[in-house]
Amino acid sequence: ERSPAMLIGLLAILKAGAAYVPLDPAYPCERLTYLLTDAAPQILLCDGTGRSALGERALEGLTLLQLDAPTSSWAQQPDTNPDPKTLGLNSKHLAYIIYTSGSTGTPKGVMVEHRGLVNLALAQIELFGVVADSHVVQFASPSFDASISEIMMTLGTGACLHLPTAEQRQ
């Protein structure tokens, strides 16, 4: 669900040099299952709402890290930053996969590298004049590429990102 935990998870994934595939729990279970099958992630970071939206069958065989679980499976992990050089990471590594709507057939995953994400954020910051005292609403679905722009241009300038509830967005 759209929450501070979602943002923390997204940043943690990127900081670790990994890539994410956003899954909006409001989407139909069939679409979410297709995205999981197509992207074949190694780890699924979710909350209870996301887990319910997917259903247990879609989660079979996945390593699951549930953010709102009573005990965290990552509590024993070091709290230090990963060293990108030790891991062999660079700006050409994948940052995220965003899926098309599928309006012309099967949804297709579009792969974006870390350097593309940085270029997007910098361009949007300049285009919209976002500065540290700006306020931005994170309005788009997490599964829509506009959400990435909203999040990264805001966090990239130290501006304030507002996460409205579903009712507030309506």
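α6 and α7 sit roughly perpendicular to each other, because angles of 65 to 115 degrees count that way and their axes cross at roughly 75 degrees. What you're looking at is a predicted model. Select both helices, α6 (114-128) and α7 (145-155), and you'll find that their axes come within 8 Å.

Now show the side chains where they touch. From α6, pick Leu117, Leu120, Ala121, Gln124, Ile125 and Phe128; from α7, pick Ile148, Ser149, Met152 and Met153. Colour this set by type and you get eight nonpolar residues, two polar and no charged ones.

**Stay on α7**

Select Ser147, Ile148, Ser149, Glu150, Ile151, Met152, Met153 and Thr154 to see them. Then bring up what surrounds them: the buried residues of α7 pack against α1, β3, α6, β5 (135-137) and β6 (160-162).

Leaving aside residues up to four places away in sequence, Ile151 touches Met6, Leu7, Gln138 and Leu161.

**Out to the core**

The largest nonpolar core has 20 residues. Which of them have the most contacts inside it? Those are Leu14, Tyr20, Tyr96, Leu117, Ile148, Ile151 and Met152. As a rule, nonpolar side chains in soluble globular proteins tend to be buried together.

A second, separate core has eight residues, including Leu32, Leu36, Cys46 and Ala58.

**Last stop: charged pairs**

How many salt bridges does the structure hold? Two. In general, side chains of opposite charge can pair when their charged atoms come close.

Start with Arg51 and Glu56, whose side chains meet in a salt bridge at 3.0 Å, N to O.

Then jump to Arg115 and Glu113. Their closest N and O atoms are 2.6 Å apart, forming a salt bridge. Arg115 has a relative accessible area of 39%, so it is partly exposed, and Glu113, with 28%, is partly exposed as well.

Key. Residues are numbered from 1 along each chain as its sequence is written. This is a predicted model: local features need pLDDT of at least 70, side-chain atom pairs count only at pLDDT 80 or more; totals for chains, interfaces and linings use all residues. Side-chain values use heavy atoms; hydrogens and water are left out. A nonpolar core is a set of buried Ala, Val, Leu, Ile, Met, Phe, Trp, Tyr and Cys residues joined through side-chain atoms within 4.5 Å. Buried means under 20% relative accessible area, exposed over 50%, partly exposed in between (1.4 Å probe, protein chains only). Helices (H or I, at least four residues) and strands (E, at least two) are DSSP runs, numbered from the N terminus. Contact means heavy atoms within 4.5 Å. Axes are lines fitted to C-alpha atoms, for helices over the stretch in contact, and angles run from 0 to 180 degrees between N-to-C directions. Angles under 35 degrees count as roughly parallel, over 145 as roughly antiparallel, 65 to 115 as roughly perpendicular and the rest as oblique. Ala, Val, Leu, Ile, Met, Phe, Trp, Tyr, Cys and Pro count as nonpolar, Asp, Glu, Lys and Arg as charged, and the others, Gly among them, as polar. A salt bridge is a side-chain nitrogen of Lys or Arg within 4 Å of a carboxyl oxygen of Asp or Glu.
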